[in-house]
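This report describes a protein chain for a reader who is new to structural description. Please keep the sequence and the three-dimensional view at hand while reading.

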Amino acid sequence: FSISTYNKMWTDAQRDLDIQLRREREEFLQPEKDRVKAFKTLAVSYIKYMQIFRNLEMAHDQLLHQQKRTVIRRVLEGVIGRILEMKKEMVELENSEFHYIDNILEDLKLLPEEVEVPIPRYFIKEKLEVLQQREKILDQILLDAGLQTEKPVKAMTFEEAIKIIQVAERARQGRCRAAFMKQIYHERKRERKTKHEVQAGPSPDDAATCIQKVWRGYIQRKKTEKMREEEMIFLGMSLPPHLRATSISQMHVGQVNALQGEVGARHKEVSIKDKLRETEGLDIKETLQDQIGQCFIECRHILGKFPDYPTKEAGGSMAILSQKTPEQVAAELALKKEMALQKKAQKEKKEKGKEKTKGKKPQKTGKKVSLPAAKAIKEDGWKMAPSNFLSIMEEGNSQYKAVWQSRDEGWDFLQDHDPELIKEEKREEVEEEIRVQVDELMQQKLENLKLAVDGEKSDKQKKGRKSEKNFSLMSLAHRTIDSLYKELVEGGLLIKAKTVNLSDYVGKYSYLGTTLRQVDIEPMPSLADVRQLIALYGILPLGSQIVHEKAPVVKALLLAGPTGVGKKMLVHAICTEAGANLFDLSASNIAGKYPGKSGLQMMLHMVLKVAKQLQPSVVWIGDTEKIFSKAAQKAEEINPKRLEKMLPKFLKALKAQDRVLLVGTTNRPFDANLKPFCKVYQKIILIPRPDYASRFGKYFKRFLLWKRIILQNGGAITDLLNMSCLAKVSDGFTQGQIVQVVQAVLSELRLQQMTRKPLRTAEFMTALAGQDPVYKEEEEAFK
């Protein structure tokens, strides 16, 4: 792919987005009484936005042009937020987290894989250095605390040592023999030249001999390379061909990404900002000082006193230099005073009314929609809720049309950055930096003027004491984030997440969902549906700050399913894809730690403080049904129910800007007291056992479950291994059980016998018979 390809991909995505925005303005403004038609409209828009999302993400990842990436990034975050808003509407329309839109995909001639939720790669790329540094610190803390040992050098067996020595010795002998034969060849050639006279040209026999030598040498080299490759595979020093293709593609992608990172680093070194600061910085500073000083004089002339300097939160000198005349400023101040007096009068009136009705029974003031009104709302039909992201997408779309759509880029061969656009962006940054410096200087000048002219003293010290009081946080106020982080790691509450990608959680799309719903049968969700929900509710909001602040975000997520379906794997996948910290507050992990109510409060406060500071973060509670268990516990220190009353407060402390997600996992949700249980977890995702399509078949050229697990554990697939039979017989068993069966069969001894004794179906059948499947009764209980 070339730069022009990704530019075209961006252009196509922007064109589709423009069409979709026009559809939004036309279709979603009118109420729709037919819920089926409303859902179809929503689903089609959802699919279109997902395709736009995929193209924008690919263009953003591959294009090097910094200004283009900035524009794409803005639109991309708007599209992600809009997808989450539409998902919420689809859930409310169908009263189900899982949707079956195979009939719509068929109409649009699309495959389910084409609407798979992609994970934006910039989530990790842009903070790769921070994540690597954090991982080093975590490893060092664990090492110092004795909770983790250094990765030991893999112990070499006696047979492996002999094989390595043999390979090295044979290579040495081969080199010596090659040098010896070369020497003999040159000596014979010299003797042949002295015996015979040099002919004018080669004879036909000599020419034929030369061609034969070249051809035979070529054939022998190919044979030798093949023999050497087979020997390296046998020695375990090289990958088999079916695994090497994936490895080579990953290495190629890694090299391309590294190259892009180097190019991006060079772009950041462009010193346009420094040049602007040198050439225009002094003029900007003098202009700002003159304007602010003039405002001081005009306000003193109108109001009779100098104004208070606006705080940093209020905008500083930006608030002073608003586009208003001094008369307008004076009118606004007078209006504010009048409003304050009115509020004070209303407050006094309310207090007098409370004193009169003190002994009377209070009346309910909460508004309730009456039954006829509620029916009227339903009869009006469905209407799309207001969006927080349409304005973002429209702004990005208009910027694309104004700047990039008809832009001539023939002069820009490198396609890395546009200096004129960088100057416009950096000029604003330079002005903002200088404004901060001017604010400090002019604030001090204003205080001196007040003291010299009006004799007023600054109340800065009093305000400072007030702010200190507001920001004091109990006993942890003096603690640094580093010390809290270290304590949580040493206490085992902050753990190291395993490197697992969401794509590793393989599973096929269910094609029978729509058919089953048409006959009033609720289908079990597929693993592909689960993967989509994890991306939508977990990874996308955690990865983007704008999306998390403005989209309908889930604070608490519950993963429920039988043992072995991959609940913990999905928790680690969320952390890996979003670059999040992982806190373990499972009942078994916090037992005996931070005893008492005060200890528990301190622990949760520490977790909350570190999670917010080092966001994104995931707080995981394994076997979460124990916290909400119906049975009473005796010992207070190991009582898992002590978290039950604190979790709602923990969630309430999370604001829109805090990218912290609470994830619970359970294999027995029916043992919990459901009222507080469902109050904490906003979204409950049922993770079923894998169906036949997920156990057998191909998915993006990657084998699913049985084939994938056998190949990962060193096995080889032959005709003697009936994969269809294995997939059929393993109905009811989970992914974890299939992994256990494969690892039990493919022992070290069995792997050594693989070449002369291929794998057979019966070997896995015997091991599978020792596992307990998920019975129908348990599956129905989960449903």
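## Terms and basis of the model

A residue is called buried when its relative accessible area is under 20%, exposed when that area is over 50%, and partly exposed in between, with a 1.4 Å probe and protein chains only. The structure is a predicted model, in which local features need pLDDT of at least 70 and side-chain atom pairs count only at pLDDT 80 or more, while totals for chains, interfaces and linings use all residues. Residues are numbered from 1 along each chain as its sequence is written, and side-chain values use heavy atoms, with hydrogens and water left out.

## Overall composition

The chain contains 32 helices and 8 strands. Helices (H or I, at least four residues) and strands (E, at least two) are DSSP runs, numbered from the N terminus. Of the 783 residues in the chain, 38% are buried. A contact means heavy atoms within 4.5 Å. Among contacts between residues at least 6 apart in sequence, 83% join residues at least 24 apart.

## The nonpolar cores

A nonpolar core is a set of buried Ala, Val, Leu, Ile, Met, Phe, Trp, Tyr and Cys residues joined through side-chain atoms within 4.5 Å. The largest such core has 84 residues, and Val79, Ile534 and Ile685 touch the most other members. Helix α2 (residues 35-62) is its main contributor, giving 13 residues. At least three residues of this core come from each of domain 1 (3-117) and domain 2 (481-631 + 638-686); the domain bounds come from an automatic or database domain assignment.

Which residues does Ile685 touch, not counting residues up to four places away in sequence? They are Phe98, Val530, Leu533, Ile534, Tyr537, Leu557, Leu558, Leu559 and Ala560. Another core, of 41 residues, lies apart from the largest one and includes Leu138, Val489, Leu651 and Val680.

## Cavities

Rolling a probe the size of a water molecule over the atoms shows where empty space is left. On a 1 Å grid over the protein atoms alone, a cavity is a set of points where a 1.4 Å probe fits but cannot get out, and a pocket is an open set with protein on both sides within 12 Å along at least five of seven lines; lining residues have an atom within 4 Å of a point. Grid points are joined across faces, edges and corners, and a volume is the space filled by probe spheres set on the points.

The structure holds 4 cavities of 30 Å³ or more, and the largest cavity has a volume of about 210 Å³. It is lined by 16 residues, of which Tyr46, His99, Ile101, Asp529 and Gln532 are the closest to its centre. Helices α3 (66-94) and α19 (527-543) each supply at least two lining residues, and α19 gives the most, with 5 residues. By class, this lining has 11 nonpolar, 2 polar and 3 charged residues. Here Ala, Val, Leu, Ile, Met, Phe, Trp, Tyr, Cys and Pro count as nonpolar, Asp, Glu, Lys and Arg as charged, and the others, Gly among them, as polar. The lining of the largest cavity also draws at least three residues from each of domain 1 and domain 2.

## The second largest pocket

At least two lining residues come from each of α7 (158-195), α8 (204-234), α9 (241-268) and α30 (748-752). The most, 5 residues, come from α7. This lining consists of 15 nonpolar, 8 polar and 7 charged residues.

## Individual residues

Arg277 belongs to helix α10 (residues 272-303). Arg277 counts as partly exposed because its relative accessibility is 33%. Leaving aside neighbours within four places in sequence, Arg277 is in contact with Leu282, Val430 and Glu433. Although Arg277 and Glu433 are 156 residues apart along the chain, their C-alpha atoms are separated by 9.7 Å.

A cis peptide bond, with omega of about 5 degrees, joins Gln615 and Pro616. Pro616 lies in the loop between α23 (596-613) and β4 (617-622). Tyr594 is not a glycine, yet has a positive phi of about 50 degrees. Tyr594 is found in the loop between α22 (587-590) and α23. Is Tyr594 buried or exposed? Tyr594 is buried, because its relative accessible area is 17%.
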